[in-house]
Amino acid sequence: MMKDAANTALLTVRNLRTYFHTFSGTVRAVDGVSFEIGQGEVMGLVGESGGGKSVVGFSILGLIDSPGKIEGGEILLEGRDLVTAGEDHLRHVRGREISMVFQDPMTSLNPLHTVGRQMDEVLRLHSDLRADARHKACVDMLESVGISRAAERLKAYPHQFSGGMRQRVVIAIAMLANPKLIIADEPTTALDVTIQSQILKLMRAQIADKGASMILITHDLAVVSEMADHITVLYCGNVVERGATRDLIETPAHPYTRGLIDSIPDTSERLDRLSQIPGSVPDIRNLPQGCNFRDRCPRAQALCAQKEPPLTPQHNGLMAACHFPLHPGERL
Amino acid sequence: MTTFLNSEFFHNYTRSSSAIIGSTLMALFAFAVIAGPFLVAQNPYDIASLDLMDSYKPPVWLDGGDPRFWLGTDGQGRDVWASILYGARISVFIGLVAMIASCVIGTLLGLIAGFYGGIVDSVIMRIADVQLSFPSILIALFLMSAVGTGVDKVLIALTAVGWVVYARTVRGSTLSEIEKEYVQAARVAGLPNHKIIRKHVLPNVLTPLIVIATIQVGTFVLIEASLSFLGVGVPITQPSLGLLIKNGFDVLFSGLWWTSVFPGVAIMMLVFGINLFGDFLRDELNPRLK
Amino acid sequence: MTQAPVLDVRDLEMHFAVGGGLLDRLKLDAKGIRLEKPIVHAVNGVSLSIAQGEIMALVGESGCGKSTVAKTIARIYEPTKGKIRIDGKDIANFGFAQMLPVRARMQMIFQDPYASLNPRQRVRDIVAEPLLEQTKIAQERAAVPEKIARLLARVGLNAEHAGRYPHQFSGGQRQRIGIARALSVTPGLIIADEPVSALDVSIQAQILNLMKDLRDEFGLAYLFISHDLSVVHHIADKVGVMYLGFMVENAPRDVLFARPRHPYTRALLSAAPSVKAKRDIEEIVLTGEVPSALDLPSGCCFRTRCPFAWKKCAQERPQLQDVGDGQSVACHLIDAPERDTR
């Protein structure tokens with residue numbers, strides 16, 4: 001099922017560990033996360049709050065500030081390690097090879113500059129186009145994200161756009177330098193559902209068009225299942241399961257993934273009660289020994305308290321970190 | 001207590017040299033203000049304990065210094081050290097009381113303006129704006145010349161100057177507080193306005209005031225000193241540090257510098273300590289810097 | 001209907017004046033200087049009715065006025081116009097003292113589990129607050145702590161939690177505290193304003209299950225505000241769809257999800273992402289964004305984004321009309337089905 005990642009991988013993350021050393025203890029936000037993304041692939045990074053999914057995104061971009069620190073692991077972009085690379089190289093990588101889209105468009109837009117100026121700046125930094133060519137590229141890009149009267153709108157400031165339009169602008173800026181990888185952190189969470197579907201369609205089209213890869217970070221399994229080629233599920237800073245989207249959604253091996261999917265209400269069937277995962281995410285400053293999920297897991301046994309389960313191959317090419325994985329068709 | 005010693009606040013305190021210096025200075029002044037009269041033999045306001053023969057004695061390390069008066073004496077033979085200890089009491093008293101009065105009045109007006117809005121809000125905030133467009137020392141001077149001098153008058157003048165900053169801060173926080181869902185929940189619970197203000201708004205607007213109040217004590221000590229220096233502050237019978245400087249200033253250029261310089265140093269250390277500690281509090285309590 | 005509905009709202013309107021102070025509103029143009037008074041038309045004539053034990057959901061996108069409807073019914077806002085009947089009594093113009101007994105019948109659960117609990121209050125005080133306003137007699141007050149303990153246990157918290165502060169709890173636990181607070185006065189109606197939208201999906205399921213159980217146990221009626229159609233589908237008995245302050249469609253749940261009639265409802269349903277493989281559903285893609293409530297479009301409020309809009313839609317505001325099976329729709333397509341090209 002999975003492509004031969006060793007040859008085609010654009011980005012390889014190996015055993016990434018990012019910790020935050022706070023006064024009340026070390027937060028192991030990301031604790032040994034590994035995955036690969038091939039050229040042109042969309043990978044969904046899913047988990048609940050506290051899962052560490054955003055920290056993975058920031059780690060790849062080298063944007064972890066004190067008290068956070070990448071403690072170990074490798075982030076290989078086309079074979080070159082970003083963890084050990086200098087700030088100069090990272091600056092080059094950000095925007096040109098990897099660009100980002102955040103939940104709140106205002107975190108990446110400068111309210112004091114026109115949209116046109118901000119777009120132009122990206123091109124000036126990352127291309128050798130002349131001024132008129134840059135202008136044309138900006139107009140084309142705005143049009144391609146569905147903003148009409150683009151030449152005119154280039155002169156507008158971010159606050160003159162609505163939330164959905166702003167997110168389009170951010171996507172336009174992110175696509176400008178033809179990046180190889182886009183990291184989208186909850187890009188549609190703040191948007192209404194009809195706008196969300198517009199933006200998701202747009203992102204899919206842009207990626208397909210440019211042949212870029214994407215990491216889609218979200219809490220929303222439904223969004224990921226419609227967007228991603230494969231999915232990595234995080235829980236308490238660890239990868240608990242990964243695999244191709246349809247396989248992972250339909251026959252997950254890890255009880256956490258199963259629980260997540262079952263707890264989403266769906267309009268196609270009506271259940272009297274939703275199945276729920278009991279309890280809540282443990283405090284990641286002092287995680288239980290063994291499997292992090294065992295306190296909430298109906299399948300947990302004595303072994304789960306003793307030994308942390310490693311990621312192992314399961315049915316349908318899935319990888320899951322569980323001592324007692326589910327088989328296809330099995331319910332919790 | 002142990003929870004406090006283990007808190008992040010205390011941890012950061014022990015690592016901040018400015019906080020330690022500031023609070024040490026404040027503690028020294030607190031001690032001096034409380035225990036002052038027991039530290040010195042002479043009561044500088046008791047005429048009977050003064051001896052004109054002791055006038056203008058220089059500090060003890062200079063020629064002619066008297067071991068009884070280690071910082072020297074003034075024209076009436078008053079011990080400068082004793083005068084500073086007694087003067088600091090008045091300065092600190094004025095600073096603290098005016099701060100508390102400003103805080104209470106300003107907070108109240110800010111709560112009312114923010115909570116009820118409309119005309120009340122406009123009136124209160126326009127008064128505050130007008131007030132802020134004049135230097136506070138000017139307003140205080142004007143008021144003092146209108147109502148006369150005296151410790152109580154200084155307190156009135158300082159309070160009239162000082163409430164504005166609380167009112168503005170509290171109004172701003174109140175406006176954002178009353179939009180919060182727990183205030184709406186209190187309405188749904190059927191709480192009357194005064195209870196909503198007391199239980200839900202007030203406790204949540206106080207934190208930023210701690211910093212303002214701390215720094216303001218220092219500001220008030222300085223304003224009071226300026227007023228007294230200009231001769232419209234405290235009466236000669238209750239000399240604050242500012243008045244000591246003024247009294248000594250007349251003879252400063254005759255070479256008798258110690259009568260005004262030492263009270264000046266005392267004010268400087270007091271205000272410096274307060275500001276250092278206030279800055280630390282500001283960093284610690286401001287959630288935006290975290 | 002033999003029994004009077006717990007909540008019956010007729011033609012509710014809620015307008016807010018915006019624009020700040022005098023100087024902000026002063027406008028200079030060709031006609032000279034004038035004082036503008038911008039009005040946000042947040043709710044424009046909404047009617048709904050909920051029987052005992054019934055769950056009615058209001059869905060719509062941000063700015064559609066669904067939360068304003070909730071907060072106006074809860075009398076956090078003063079309604080501009082219309083009737084709000086609780087157990088048959090119109091409370092729209094009730095004063096503070098008159099509202100107090102109504103507060104014992106109607107409570108509210110809020111969206112943000114962080115902002116809806118006062119950080120400086122202990123859990124037991126938070127939960128007891130509505131109840132203490134209702135009990136002024138000392139002997140009855142003595143029974144409050146015991147009732148609070150029972151309530152906390154019922155919503156899945158334990159006795160030792162009562163002495164803690166909100167920041168010591170997770171989002172889901174806080175929402176349980178908010179639910180216990182609403183239940184403290186044993187109300188008949190609970191207005192729930194996006195109660196699960198800030199929660200993780202596994203916690204969301206816990207809270208939805210809890211709310212359903214409580215409905216069965218206490219015969220509660222809910223007005224359930226949500227933007228999430230799958231949540232609404234799960235919990236509601238009937239659904240009202242709102243757009244720009246208007247109710248555009250109102251129907252029993254099964255009817256609405258099986259046969260949505262209003263183009264906006266259809267667009268919402270087709271836009272909702274799902275983990276299940278795509279159902280065979282018509283796809284209506286909306287273009288553009290919601291117009292400003294400061295300046296409502298003429299005629300149908302939805303026409304600026306509607307793929308079916310024609311001349312009549314700009315001229316005449318469609319009224320809700322009954323189309324059978326308890327479904328009512330405000331759309332000119334009902335009278336001109338030939339224009340519905342799909």
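Predicted model: local features only at pLDDT ≥ 70, side-chain atom pairs only at ≥ 80, totals over all residues.
Biologist: Why is B:Trp61 called exposed?

Modeller: The relative accessibility of B:Trp61 is 51%, and exposed requires over 50%, so the residue counts as exposed. B:Trp61 lies in the loop that links α3 (17-39) to α4 (80-116) of chain B.

Biologist: What makes B:Trp61 part of a nonpolar patch on the surface?

Modeller: Patch members need over 30% relative accessible area and no salt bridge, and nonpolar side chains are joined within 5 Å. B:Trp61 belongs to such a patch together with B:Val60, B:Leu62, B:Trp70, B:Trp257, B:Val261, B:Val265, B:Met268 and B:Met269. Their accessible area together is about 780 Å².

Biologist: How do you know that C:Cys64 is in no disulfide?

Modeller: A disulfide needs two cysteine sulfur atoms within 2.5 Å. For C:Cys64 the nearest cysteine sulfur, that of C:Cys301, is 10 Å away. In the whole structure, the search finds zero disulfides over all chains.

Biologist: How do you know that C:Cys313 is in no disulfide?

Modeller: The nearest cysteine sulfur to that of C:Cys313 belongs to C:Cys300, 5.9 Å away. Against the limit of 2.5 Å, C:Cys313 is likewise in no disulfide.

Biologist: Are C:Cys64 and C:Cys313 buried or exposed?

Modeller: Buried means under 20% relative accessible area. C:Cys64 has 3% and therefore counts as buried; C:Cys313 has 8% and also counts as buried.

Biologist: Why are β8 (106-109) and β13 (321-322) of chain C placed at the edges?

Modeller: They belong to an open sheet of eight strands with mixed pairing, in the order β8-β9-β10-β5-β11-β12-β14-β13 (chain C). Each of β8 and β13 has a single partner strand, so one side of each is left without a neighbour in the sheet.

Biologist: What makes β2 (25-38) and β5 (80-81) of chain A edge strands?

Modeller: The open sheet of four strands runs β2-β1-β4-β5 (chain A) with antiparallel pairing. Both β2 and β5 pair on one side only. Two bridges join β5(A) to β4 (residues 68-77) of chain A, and A:Leu76 has A:Asp81 as its bridge partner in β5(A).

Key: Residues numbered from 1 in each chain as written. Chains lettered and ligands numbered in written order. Heavy atoms only, no water. Pairing = 2+ DSSP bridges. Patch = residues over 30% accessible without salt bridge, like charges linked within 9 Å, V, L, I, M, F, W, Y side chains within 5 Å. Areas by Shrake-Rupley, 256 points an atom, 1.4 Å probe, with all protein chains shown as cover. Salt bridge = Lys/Arg side-chain N within 4 Å of Asp/Glu carboxyl O. Buried < 20%, exposed > 50% of the residue type's maximum accessible area, 1.4 Å probe, protein only.
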